[in-house]
Amino acid sequence: MSDLFSLSSITPRSWQGYAALALLAGALFSGLLVTATPGYDIATVALIFILLLFAIQMDQFPPAIAATCLFLGAHGAAWLLLAGITGNEGTARASFYLLLAAAWLLAWRCVTVLSALRPTSRWAATALRLIIPAIFGAWILIIWEAVTRGAGIPFILLPPPSAIGVRIANSLPVLAADVRQTIFKAVIFGYVVGSGAGFLAAIAADRVPFLRRGLLPIGNMVSALPIIGVAPIMVMWFGFDWQSKAAVVIIMTFFPMLVNTVAGLAASGHMERDLMRTYASSYWQTLFKLRLPAAAPFIFNALKINSTLALIGAIVAEFFGTPVVGMGFRISTEVGRMNIDMVWAEIAVAALAGSVFYGVVALFERAVTFWHPSVRGG
């Protein structure tokens, strides 16, 4: 088998390439995959080696070509490795992990090459900002899949991502009902009301000094309250439906908005305020023309924080009483039934929804605060 590959003719360009070449040599001499693990034949093993060696050698080319070849070689080899171990769980040997590590290093090199690119067009820059984290996230799933299947980890402890994906595909109506109950009812309502009330309270605290001195310390104290203590009380007050979960979300989002907005309103400089006074500007004119624009980064920071707090609060609140629908209800119920793949499916959907929610707020922030140095790169 060693005659098929001339390792001495390969000239890596990076330390990842040298390390991957060393891992390939280790896999070659530690016992071939085809003889150590069921599910692999000579042709498959040879193709894995060829893909990895091809990626190492093509790293010599210009960055765009090199990144493409590194991507194809690393992910093609990983796909073949995962395809072979599926159905043969718990049989992976050292050569399997060495080849997987080599593919991971080449994917790392691919991300490094992509990160060094300086695209001239806007769409290419946007594509790079999406591709690089996508590759990083894909390799978290690849390693998760390889370790759980290769080591034969019991399904009840940690199911592989492929099983979670199958469960999501087979449970779309249930997941959609849970998302509708938790996110489109409790989270969005509580987020809007809590953030809006916090913003208005901050304006009042800024206008009335005794409110600022009395309300902010209380806000800091309430922010430290444990959600598991607040949630059952809200359920007792507002019932088992989404209204009690929205009340928890309101409490969790009110004070971050209050504290950040008050800090943002104090962010404008003294020179700018003095200039507004020389123009005989009223409090409200100064507020809308100077202080609120200066506070916009603080306000959007609170909105981004609240986008995650709202989802966490609603899900945890559903643990303490809810109709037979909802993400928190489903997680607590399926854990008791040992349906761990369904639990992970709900977690994955919640993570995706939270990321989309955060991303929407971040995009809106860029559109509104385009003038700010943090956005325009100044």
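Is Thr148 buried or exposed, and what is its relative accessible area? Thr148 is buried, with a relative accessible area of 4%, where buried means under 20%, exposed over 50% and partly exposed in between, for a 1.4 Å probe and protein chains only. The model is predicted: local features need pLDDT of at least 70 and side-chain atom pairs count only at pLDDT 80 or more, whereas totals for chains, interfaces and linings use all residues. Residues are numbered from 1 along each chain as its sequence is written, and side-chain values use heavy atoms, with hydrogens and water left out.

- Thr148 is placed in helix 6; helices are DSSP runs of H or I with at least four residues, numbered from the N terminus.
- Neighbours within four places in sequence aside, Thr148 is in contact with Ile153, Leu158 and Pro160, contact meaning heavy atoms within 4.5 Å.
- Helix 7 spans residues 161–170, and Pro161, Ala163 and Ile164 are buried in it.
- Viewed down the axis of helix 7, the buried residues fall within an arc of 160°, so they line one face of the helix; the arc is that of the directions from the helix axis to the C-beta atoms.
- The cover over these buried residues includes helix 6 (122–150) and helix 15 (340–368).
- The axes of helix 6 and helix 7 come within 8 Å and cross at roughly 105°; axes are lines fitted to C-alpha atoms, for helices over the stretch in contact, and angles run from 0 to 180 degrees between N-to-C directions.
- Helix 6 is therefore roughly perpendicular to helix 7, a term for angles of 65 to 115 degrees.
- Leu141, Trp144, Glu145 and Arg149 of helix 6 make the contact with Pro161, Ser162 and Ile164 of helix 7.
- Four residues of this contact are nonpolar, one is polar and two are charged.

**Nonpolar cores**

- The largest nonpolar core has 40 residues, and Leu24, Leu52, Leu99, Leu106 and Trp139 have the most contacts inside it; such a core is a set of buried Ala, Val, Leu, Ile, Met, Phe, Trp, Tyr and Cys residues joined through side-chain atoms within 4.5 Å.
- Helix 1 (15–29), helix 3 (42–58), helix 4 (63–85), helix 5 (94–116) and helix 6 each supply at least two residues of this core.
- Helix 5 gives the most to this core, with 12 residues.
- A second, separate core has 31 residues, including Val179, Ala186, Tyr283 and Ile331.
- Apart from neighbours within four places in sequence, Trp139 is in contact with Ala74, His75, Ala78, Leu100, Ala103, Trp104 and Ala107.

- Met338 lies in the loop between helix 14 (327–336) and helix 15.
- Met338 is exposed, with a relative accessible area of 51%.
- Met338 has a positive phi of about 65° although it is not a glycine.
- Most residues other than glycine have a negative phi.
- Asp341 belongs to helix 15 and is buried, its relative accessible area being 12%.
- With neighbours within four places in sequence left aside, Asp341 is in contact with Phe155, Pro159, Ile164 and Arg167.

**Pro232 in helix 10**

- Pro232 is found in helix 10 (residues 227–238) and counts as partly exposed at 27% relative accessibility.
- Beyond its neighbours within four places in sequence, Pro232 is in contact with Ile227 and Phe320.
- Between Pro232 and Ile56 there are 57 Å in space, C-alpha to C-alpha, and the two are 176 residues apart in sequence.

How values were computed
Parallel < 35°, antiparallel > 145°, perpendicular 65-115°, else oblique. Nonpolar A, V, L, I, M, F, W, Y, C, P; charged D, E, K, R; others polar.
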